[in-house]
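Here's a quick briefing for anyone meeting this structure for the first time. Have a look at it, then read on.

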Amino acid sequence: SAPAIGSGGTTSYVVKKGDTLSGIAKTAGVKLSDIHEANPIFKKNPKYKGGSMIWAGTKVKLPTIKKK
């Protein structure tokens with residue numbers, strides 16, 4: 001499972017077999033659009049098919065939410 005929400009910034013998550021970006025976002029408590037924003041390579045590099053294709057072992061930056 002993805003790491004817990006921290007105090008701002010980003011944290012890294014390594015994709016496991018069967019993971020999806022939307023599932024990772026849900027587990028981390030962030031929006032899928034936030035993951036895309038923190039990982040512009042997913043939109044820029046054609047191999048990721050606009051962010052719809054990821055592989056086990058891919059490192060994903062997860063934005064963390066600042067606690068108030």
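What follows covers the overall layout, an aromatic group and one loop.

This is a predicted model, where local features need pLDDT of at least 70, side-chain atom pairs count only at pLDDT 80 or more, and totals for chains, interfaces and linings use all residues. Residues are numbered from 1 along each chain as its sequence is written, and side-chain values use heavy atoms, leaving out hydrogens and water.

**Overall layout**

- You'll find 3 helices and 2 strands in the chain; helices (H or I, at least four residues) and strands (E, at least two) are DSSP runs, numbered from the N terminus.
- Reading from the N terminus, the order is β-α-α-α-β.
- Of the 68 residues in the chain, 31% are buried; that label means under 20% relative accessible area, while exposed means over 50% and partly exposed is in between, using a 1.4 Å probe and protein chains only.
- The chain exposes about 4500 Å², and carbon and sulfur atoms supply 55% of that area; accessible areas come from the Shrake-Rupley method with a 1.4 Å probe, and for residues only the protein chains shown count as cover.
- Among contacts in the chain with a separation of 6 or more, 63% join residues 24 or more positions apart, a contact being heavy atoms within 4.5 Å.

**The aromatic group**

- A search of the whole structure turns up 2 aromatic pairs.
- In one of them, the ring centres of Phe42 and Tyr48 are 4.9 Å apart with planes at 70°, so the pair is edge-to-face.
- For these pairs, rings of Phe, Tyr and Trp (its six-membered ring) must have centres within 6.5 Å; planes under 30 degrees apart count as stacked, over 60 as edge-to-face and the rest as tilted.
- Phe42 and Tyr48 are both buried, and together with Trp55 they form one aromatic cluster.

**The loop between α3 and β2**

- Lys49 sits in the loop between α3 (41-44) and β2 (59-63), and is exposed, with a relative accessible area of 55%.
- The phi angle of Lys49 is near 50°, a positive value in a residue other than glycine.
- Ser52 is in the loop between α3 and β2 too, and counts as exposed because its relative accessibility is 60%.
- A polar atom of the Ser52 side chain lies 2.8 Å from the backbone oxygen of Lys49.
- Ser52 and Phe42 are 10 residues apart along the chain, and their C-alpha atoms are separated by 8.1 Å.

How values were computed:
Polar contact = N/O pair within 3.5 Å; in protein donor to acceptor, adjacent residues only side chain to side chain.
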